[in-house]
Amino acid sequence: MPVRIVVPKEVAVSERRVALVPETVKALTKSGSLVAIEAGAGTAAGYPDEAFRQAGATVETDHAGLLRSAEIVLKVQVPTLEEVEALRPGTVVVALMNPSRSLERVAKMRDAKVTAFALDLLPRITRAQGMDVLSSQATVAGYRAALIGAGLLPKFLPMLTTAAGTIRPAKVLVLGAGVAGLMAIATARRLGVIVEGYDVRRAAGEQVRSLGAKFLELQINAEGAGGYARELTDEEKKQEAEMVAKAVADADLVITTAAIPGRRAPILVREEMVARMRPGSVLVDLAAETGGNCTLTQPGETVVRDGVTIAGPLNLPSQLPFHASQMFSKNLQSFLALLLTKEGARVTDYSDEVLAGSLLVSDGTVRHAPPADLLRGGT
Ligand code: NAD
């Protein structure tokens with residue numbers, strides 16, 4: 001029996017992405033899967049219903065009915081309580097789950113006996129790179145952040161020599177040089193600016209320099225487990241703050257992307273540092289969703305303090321929904337290759353490292369320790 005894969009329309013406010021795009025649907029239906037898409041699911045991302053039909057999907061209008069009929073549900077955002085209610089026990093759900101911040105929904109999925117895979121828990125090993133939704137969406141976010149900054153600046157970014165005089169190039173500082181930060185650096189470089197980058201991981205220095213930017217050096221290496229950053233000691237934080245404060249004061253545009261998985265974003269730019277920035281300067285805080293890298297950031301808002309514009313945009317990938325969805329969909333296609341056998345049936349053995357690592361809920365049990373512990377403590 002072919003497996004029935006369902007893609008509902010995203011219900012989260014201002015979510016414009018869709019989990020699958022027609023190109024992936026075509027590949028799935030060709031290999032024998034049935035794909036059902038909710039009407040209008042791809043419209044905001046630039047994928048009309050007709051394109052899904054032509055790719056072999058059925059387009060259906062009943063949101064709850066679609067969920068009830070699914071064997072596999074593919075979503076961008078963690079399912080809502082109402083969506084989980086519509087699912088039958090044993091349904092597989094794959095989405096970005098944000099587990100520690102979605103405890104009520106995780107508990108609901110546990111009680112509904114669905115099988116939930118969290119794309120945000122995928123092990124970041126070489127074999128899983130093609131499925132790495134965090135990287136693909138961070139690429140989009142970094143690109144958008146550079147453009148938002150450029151749009152808010154009252155200045156040109158590149159150097160210009162014109163009959164009306166010479167314009168000096170702007171200075172851009174990118175704090176946090178992971179996937180998003182590197183994309184912000186690359187985008188800013190393409191706009192012709194002088195860019196400086198900084199990260200607590202020394203390994204990031206080489207990547208920053210390879211993009212033609214300068215790397216700010218601090219004599220510490222804070223690379224922790226799995227290639228992510230560890231938290232800094234108090235003395236290290238002081239040294240970092242002094243160096244960062246100087247660079248911030250000198251920049252026209254500051255883009256901050258620093259994050260520590262599962263924790264509040266580190267504070268890198270304090271109020272007194274913003275006060276030292278030139279009027280007209282701009283700070284784009286990509287970490288707004290997890291508390292912000294700047295103490296003045298208002299998540300989801302753009303505020304002006306001492307003449308400095310501070311933007312705290314949320315869900316940036318949704319602002320570039322066509323390509324964000326295309327990349328997300330390609331990631332899902334790779335993930336489904338592990339979840340389906342060659343004959344198109346669902347696998348039931350989740351011992352594969354990638355499946356096991358991303359398995360959030362199965363058989364009425366929360367499999368990922370942090371939300372499981374929080375739920376035990378909270379109920
Ligand atoms: P992230 O979003 O968790 O963090 C963003 C950046 O903030 C990181 O580079 C981190 O080092 C930095 N940071 C944290 N605290 C900071 C501070 N106090 N000051 C300055 N910077 C700070 O990270 P990410 O972008 O998802 O990826 C982190 C690393 O993992 C990168 O090196 C990336 O290339 C690597 N990665 C590897 C794979 C793989 O398949 N092997 C896949 C994706 C990412």
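**Before you look.** Welcome! In these legends two residues touch, or are in contact, when heavy atoms lie within 4.5 Å. You are looking at a predicted model, in which local features need pLDDT of at least 70 and side-chain atom pairs count only at pLDDT 80 or more, while totals for chains, interfaces and linings use all residues. Residues are numbered from 1 along each chain as its sequence is written, and side-chain values use heavy atoms, with hydrogens and water left out.

**View 1. K237 and A247 in helix 9.** Helices (H or I, at least four residues) and strands (E, at least two) are DSSP runs, numbered from the N terminus. Helix 9 covers residues 234–250, with A247 among them, and K237 is also placed in this helix. Are these residues buried or exposed? Buried means under 20% relative accessible area, exposed over 50%, and partly exposed in between, with a 1.4 Å probe and protein chains only. K237 counts as partly exposed because its relative accessibility is 36%, whereas A247 is buried, with a relative accessible area of 8%. Leaving out residues up to four places away in sequence, K237 touches E231 and L232. With that same exclusion, A247 touches L173, E196 and L216.

**View 2. Helix 7 and what covers it.** The 12 residues of helix 7 (residues 179–190) should span 16 Å at 1.5 Å a residue, and its end C-alpha atoms are 17 Å apart, which agrees. The expected span is 1.5 Å times one less than the number of residues. Which residues of helix 7 are buried? They are A180, G181, L182, A184, I185, A186, T187 and A188. The cover over these buried residues includes helix 6 (133–152) and helix 8 (203–210), together with strand 9 (171–175), strand 10 (194–198) and strand 12 (253–256). Just past the helix, look for G192, which has a positive phi of about 85°.

View 3. In helix 5 (residues 103–111), the buried residues are V106, A107 and M109. They cover an arc of only 160° around the axis, so they sit on the same side of helix 5; the arc is that of the directions from the helix axis to the C-beta atoms. An α-helix has 3.6 residues a turn, so residues three or four places apart point the same way. On the face turned away from the buried side, helix 5 carries the exposed residues E104 and D111. K113 follows helix 5 with a positive phi, near 55°.

View 4. How many residues surround the ligand? There are 22, and the closest are R124, V179, D199, R201 and E240; a residue counts here if one of its heavy atoms lies within 4 Å of the ligand. For polar contacts, look for pairs of N or O atoms within 3.5 Å; within protein, one must be able to donate a hydrogen and the other to accept it, and residues adjacent in sequence count only if both atoms are side-chain atoms. An N or O atom in the side chain of R124 is 2.6 Å from an oxygen atom of the ligand. Taken alone, the ligand exposes 830 Å², of which the protein buries 83%. These areas come from the Shrake-Rupley method with a 1.4 Å probe; for residues, only the protein chains shown count as cover.

**View 5. D132 in its loop.** D132 is found in the loop between strand 6 (115–118) and helix 6. Its relative accessibility is 10%, so D132 counts as buried. A polar atom of the D132 side chain lies 3.2 Å from the backbone nitrogen of L134. Not counting residues up to four places away in sequence, D132 touches L122, R124 and N331.

View 6. Most residues other than glycine have a negative phi. D306, not a glycine, has a positive phi near 50°, and N315, also not a glycine, has one of about 45°. The loop between strand 14 (302–305) and strand 15 (308–311) holds D306, while N315 is in the loop between strand 15 and helix 11 (321–339). D306 counts as exposed at 51% relative accessibility, and N315 counts as buried at 15%.
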